[in-house]
Amino acid sequence: MTVGGLILQCGIMAFLGLVACQNRAFQTVVIYDSPSRFVRLEVDPTLDAHRGHSHPASLTSGEMAAILSGLMIEEPARLMNLLGKNHESSNHPAFTTAEVGFFAPLLAKGLGTATSEEIVTFYESRQETAIVRKVTSGGIFIDGDELHIVLGNYRSPTHYSSDPGTDDTFDDRLTPMRSIAPQETRLYFEPVRAVASPKQGALKNLLQADRQEIVVLFKQLAPAKAGAGLESDHGRLETGEKLSH
């Protein structure tokens, strides 16, 4: 093998290693855990020794509720028709009022607990039919005045497979920021004035092409009330759900 070929091969191996790291994290602290939902801290494998996130960070439940309430989903008309959702708007909040009330205090607690090497991940699984289960999951972290929201999955089917007839044995709880199915929806944020300008980076964009990410200037948002959905949702928690203190 020529020197040039050897360099090329090493470069490809290093690139594949970086891609693998994007999908693998190490759990550190559990904020909340149940069979259908969790919020936890994980080591961010993409950080190098010279930088870290702005954690721990102090956000109230109301501030986090304002952030979650601003996340919006745009669903293509083709997808809406396929799912039989002609009655539902193609543009709608990513999280319901109850979900905002549930996750806001937990995510705020996670950011207040996280170190500069950690991110806060979240996960929710919904059983739609006896055989259909869909997952919404991702992670958040703060860099300076910017809060990054990564939506790895939005109502993604857990048994999606690119090859028909192939069983999907992947545990979707292990890597909440990894997409388990193609994401046909578009994530955006309202108000637009609170969205940070995108930073260019060819390698970063290539590595993160399978996930949707919004960067919010969270200090520009007024706090929202986060308690309304929390009390009612906690009243319906499944047996065995635990909240860590």
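Which residues are linked in a network of salt bridges? In this predicted model, Arg37, Glu99, Glu124 and Arg126 form that network.

**View 1. Salt bridge between arginine 126 and glutamate 99.** The closest N and O atoms of arginine 126 and glutamate 99 are 3.6 Å apart. Arginine 126 is partly exposed, at 41% relative accessibility, whereas glutamate 99, at 10%, counts as buried. Both residues are members of the network that also includes Arg37 and Glu124.

View 2. Strands β1 (residues 26-33) and β2 (residues 37-43) are paired in the antiparallel sense over 6 bridges, and a hairpin of 3 residues joins β1 to β2. Aspartate 33 has phenylalanine 38 of β2 as its bridge partner. The side chain of aspartate 33 also meets that of arginine 173 in a salt bridge, at 2.7 Å from N to O. This pair links distant parts of the chain, 140 residues apart: aspartate 33 lies in strand β1, and arginine 173 in the loop between β7 (146-157) and β8. With a relative accessibility of 33%, aspartate 33 is partly exposed.

View 3. Three strands in the order β4-β3-β8 make up an open sheet with antiparallel pairing. Strands β4 (91-93) and β8 (186-189) each have a single partner strand, so one side of each is left without a neighbour in the sheet. On average, neighbouring strands are turned by 35° against each other, direction ignored. Helix α2 (residues 61-70) packs on this sheet and touches β3 and β8, its direction making about 10° with that of β3.

**View 4. Pairing of β3 with β8.** Strand β3 (residues 71-74) pairs with β8 over 4 bridges in the antiparallel sense, and methionine 72 has tyrosine 188 of β8 as its bridge partner. A salt bridge joins arginine 186 and glutamate 74, with 2.7 Å between the closest N and O atoms. Arginine 186 lies in β8 and glutamate 74 in β3, so the pair ties together parts that are 112 residues apart in sequence. Arginine 186, at 42% relative accessibility, is partly exposed; glutamate 74, at 30%, is also partly exposed.

**View 5. The largest nonpolar core.** This core has 39 residues, and those with the most contacts inside it are Leu59, Met64, Leu68, Leu107, Ile140 and Leu147. Helix α4 (residues 97-113) contributes the largest share, 8 residues. Among the residues that leucine 147 touches are Leu59, Met64, Ile140, Val215 and Phe218.

Methods:
Residues numbered from 1 in each chain as written. Predicted model: local features only at pLDDT ≥ 70, side-chain atom pairs only at ≥ 80, totals over all residues. Heavy atoms only, no water. Pairing = 2+ DSSP bridges. Helix = DSSP H or I, 4+ residues; strand = E, 2+ residues; numbered from the N terminus. Axes fitted to C-alpha atoms, helices over the stretch in contact; angles between N-to-C directions. Contact = heavy atoms within 4.5 Å. Core = buried A, V, L, I, M, F, W, Y, C linked by side-chain atoms within 4.5 Å. Buried < 20%, exposed > 50% of the residue type's maximum accessible area, 1.4 Å probe, protein only. Salt bridge = Lys/Arg side-chain N within 4 Å of Asp/Glu carboxyl O. Lists of a residue's contacts leave out its neighbours within four places in sequence.
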